[in-house]
Amino acid sequence: MTVFKCGVALGIVLSSFKVCHRFRHYMYDMKYKVCAAMGKMLCCHGGQPALSWRSVLSRMSVQLCHGVQCCHGGQPGFAMAFSAFMRKGHWGVGEYLPERPDLLLCISPGALVLPGLSQWRLIMYRAADSRYEDMVYNRLGNSGLKLPAVSMGLWHNFGHQNSQEDMINILCYCFDHGITHFDLANNYGPEPGAAESNFGYILNRCFRPYRDELIISTKAGFDMWDGPYGDWGSRKYLLASLDQSLKRMDLEYVDIFYHHRMDPETDLEETMSALASAVHQGKALYAGLSNYDGPTLERATAILRELHTPFVINQNRYSILDRTIERNGLKEKAAELKKGIIAFSPLAQGLLSDRYLNGITADSRVLHDGRFLKESDVKEHHDVIVKLNNIARERGQSLAQMALSWVLRDGIVASVLVGVSRVSQIEDNLKAMSNTSFTDEELRAIDEACGSFIS
Ligand SMILES: NC(=O)c1ccc[n+]([C@@H]2O[C@H](COP(=O)([O-])OP(=O)(O)OC[C@H]3O[C@@H](n4cnc5c(N)ncnc54)[C@H](OP(=O)(O)O)[C@@H]3O)[C@@H](O)[C@H]2O)c1
C-alpha cells in the first residue's frame with residue numbers, strides 16, 4: 001500500500017512538472033506575442049530554476065506589466081547579479097537577449113520574496129545620470145576621438161579565476177563615473193582570451209544599451225596561439241586574431257585595434273596594411289600602435305596615411321618610474337605628428353600607490369598574480385615609494401593620485417590607463433584629475449626621490 005501511495009505521489013509530481021513545462025512554453029509564446037503588440041520597454045524576469053514558479057511569474061508579468069513590453073530570460077546566475085547590484089545600490093540588468101538588444105528592464109523574482117520589496121520591482125543597470133559631470137575628455141591629437149583622462153584596462157583581474165561579480169561592480173562604477181574607455185587585448189587573462197570573454201558577458205549583461213557611449217579597444221602582437229601564425233605582426237595573425245576577439249566579446253567592431261608591439265622581422269607595410277584592412281572591413285573604427293618608438297611611429301604614420309586609415313593613438317608604458325617614451329622619441333614624435341598617447345601601467349602595476357608601503361598583502365598583484373610584478377621589485381623600490389608618498393602627502397594627494405597627475409601634467413598624454421582590483425582604487429584614482437599641475441620644485445623632488453630607479 002505504501003509503495004502504491006508513493007508511486008501515485010511520484011506520478012502526480014512528475015506530471016505536474018510536465019504540465020508546468022508545457023504551460024511555461026505556452027506562456028513564453030504568449031508573452032512574446034504580447035511584447036510584439038506593446039511598445040515602450042522590455043522587461044523580463046527569471047533567475048530561479050523552479051519551473052512552476054517561473055510559469056506563475058510568466059503569467060503575472062503579462063498581467064501586471066501594463067504598458068511594458070515583457071519577455072522571459074531567466075537564467076541561473078541572475079540571482080547572483082541581482083543581489084550584487086542591489087547591495088551596491090545599483091539597478092541591475094537581468095538578462096540580455098541577443099534577439100532583443102533593446103532590453104533595458106527586468107523584473108526580479110527575488111523582489112517577491114525579499115522583505116521590503118513585496119511589490120514587483122523593475123530593476124535594471126541604468127548608468128548614473130551624472131556620469132559625464134566630472135570626467136575630463138581629452139582629444140587624441142587632431143583626431144575626432146576623445147578619451148576620458150582616466151581609462152580602465154582589463155589586463156589583470158578579469159581572468160577566469162576572478163569573480164564576475166567583482167568585474168561587474170568595477171566596470172559599472174567606471175562607467176557611472178565617465179570612464180567610457182575599456183582596454184583589452186587578445187591575450188589578457190589568464191587564460192589568454194579570458195578577459196575578452198568575460199568582458200563580452202558583462203557587455204551583454206550591462207552595457208549593451210550603451211555601446212555607442214563606449215570606446216572598446218583590443219590588440220594583437222604577443223604570443224596568442226601555437227604555431228607560426230599566432231604571434232608578432234603578420235597580416236595572417238592580426239586579422240585572424242581580430243576575428244577571434246570580436247567573437248569572444250560578441251562585438252561587430254572594436255573602436256580601436258592596436259598592433260601590440262613592434263615586429264623587427266615583418267615588413268612594417270604588411271603590418272600596417274593589416275590594420276588598414278581591419279578598419280576598411282568595418283571591424284575597427286581606428287588603428288592604434290602599442291610599444292612603438294618615435295622613428296617607427298613616424299614611418300607607420302606615413303604608411304597609414306597613404307592607406308587612408310585613421311590612426312589616432314599610441315599606447316605605451318609611462319610613469320614616474322618608467323620614462324622610456326621620453327628617451328625613445330615616442331612622446332615628442334606623437335605630439336609633433338598630432339597623434340594621441342594613452343599611458344599604460346601609470347602606477348607601475350601598483351608600486352606607485354600605498355599598496356606596498358607596509359609590506360605585501362595576500363590580495364596584492366604580487367602574491368595573487370605575480371607574472372609581471374615580483375616580490376623583489378617591491379623590496380627594491382620600497383625606499384623610493386616611501387619618499388614619493390611623502391611628496392604626494394605634501395600635495396594633498398594619495399601616491400596613486402600623484403602618479404597619475406604626473407603622467408597627465410603637460411597635456412601630451414590624453415589618458416592614463418589604469419588597472420584596479422577593487423572599486424575603492426578607481427575611486428581614488430579618479431581624484432587625480434583635480435590637480436595635474438606641479439611646481440618645478442615638486443618635479444625636482446620627485447626625480448631626486450627616484451634617483452637611479454627611473455628607467
Ligand atoms: N599595451 C601594452 O603592452 C600593455 C601592457 C600592460 C598593460 N596595458 C594596459 O594597461 C592597463 C593597466 O596596466 P596595469 O594594470 O599595470 O596598471 P597600473 O594602474 O599601473 O596598476 C594596476 C594595479 O595597481 C594597483 N592599484 C590601482 N589603483 C590603486 C590605488 N588607487 N591604490 C592602491 N593600489 C592601486 C592595483 O593592484 P592590486 O591588484 O595589487 O590591488 C592594480 O591592479 C592594463 O589593464 C592594460 O589594459 C597595456
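**Figure 1. Overview of the predicted chain.** The secondary structure of this predicted model comes to 16 helices and 14 strands. Of the 455 residues in the chain, 44% count as buried. When contacts between residues at least 6 apart in sequence are considered, 77% of them join residues that are at least 24 apart.

**Figure 2. The packing of helix H5 against helix H6.** Helix H5, which comprises residues 164-176, packs with helix H6, residues 194-207, at an angle of about 60 degrees, and their axes are 11 Å apart. On the H5 side the contact is made by Gln-164, Met-167, Ile-168, Leu-171, Cys-172 and Phe-175, while H6 contributes Asn-198, Tyr-201, Ile-202, Arg-205, Cys-206 and Phe-207. Sorted by class, the residues in the contact of H5 with H6 are 9 nonpolar, 2 polar and 1 charged.

**Figure 3. The crossing of helix H13 and helix H14.** The axes of H13 (residues 375-394) and H14 (residues 399-408) come within 8 Å and cross at roughly 85 degrees, and the two helices are therefore roughly perpendicular to each other. Leu-388, Asn-389, Ile-391 and Ala-392 of H13 meet Leu-399, Gln-401 and Met-402 of H14. The residues of this contact between H13 and H14 divide into 5 nonpolar and 2 polar, with no charged residue.

**Figure 4. The shell around the ligand.** The ligand is surrounded by 30 residues, of which the closest are Gly-153, Trp-155, Phe-344, Gly-350 and Gly-419. Strand S14 (415-418) and helix H15 (423-430) each supply at least two residues of this shell, and H15 gives the most to the shell, with 3 residues. Divided by class, the residues of the shell around the ligand are 10 nonpolar, 15 polar and 5 charged.

**Figure 5. The buried residues of helix H15.** Within H15, which gives 3 residues to the shell around the ligand, the residues Ile-426, Asp-428, Asn-429 and Leu-430 are buried. The buried residues of H15 pack against strand S7 (150-153), H5, H14 and S14.

Figure 6. Most peptide bonds are trans. The bond from Gly-189 to Pro-190, however, is cis, with omega near -5 degrees, and a cis peptide bond also joins Pro-190 and Glu-191, where omega is about -15 degrees. Pro-190 is found in the loop between strand S8 (181-183) and H6, and Glu-191 is likewise found in the loop between S8 and H6.

**Figure 7. Positive phi values at Ala-348 and Gln-349.** Most residues other than glycine have a negative phi. Ala-348, although not a glycine, has a positive phi of about 50 degrees, and Gln-349, a residue other than glycine, has a positive phi near 65 degrees. Ala-348 is found in the loop between strand S13 (340-344) and helix H12 (365-368), and the place of Gln-349 is in the loop between S13 and H12. Ala-348 counts as buried because 20 C-beta neighbours lie inside 10 Å, while Gln-349 is buried with 23 other C-beta atoms within 10 Å.

Figure 8. Arg-126 is found in the loop between strand S4 (122-123) and strand S5 (137-139), where it counts as partly exposed because it has 17 C-beta neighbours inside 10 Å. Arg-126 and Tyr-210 are 84 residues apart in sequence, and their C-alpha atoms are 9.6 Å apart in space. Asn-142 lies in the loop between S5 and strand S6 (146-148), and Asn-142 is exposed, with 10 other C-beta atoms within 10 Å. A distance of 8.2 Å separates the C-alpha atoms of Asn-142 and Val-312, which are 170 residues apart along the chain.

Note on methods: Residues numbered from 1 in each chain as written. Predicted model: local features only at pLDDT ≥ 70, side-chain atom pairs only at ≥ 80, totals over all residues. Axes fitted to C-alpha atoms, helices over the stretch in contact; angles between N-to-C directions. Helix = DSSP H or I, 4+ residues; strand = E, 2+ residues; numbered from the N terminus. Parallel < 35°, antiparallel > 145°, perpendicular 65-115°, else oblique. Contact = placed C-beta atoms within 7 Å. Nonpolar A, V, L, I, M, F, W, Y, C, P; charged D, E, K, R; others polar. Near = placed C-beta within 6 Å. Buried ≥ 20, exposed ≤ 12 C-beta atoms within 10 Å, placed from the backbone.
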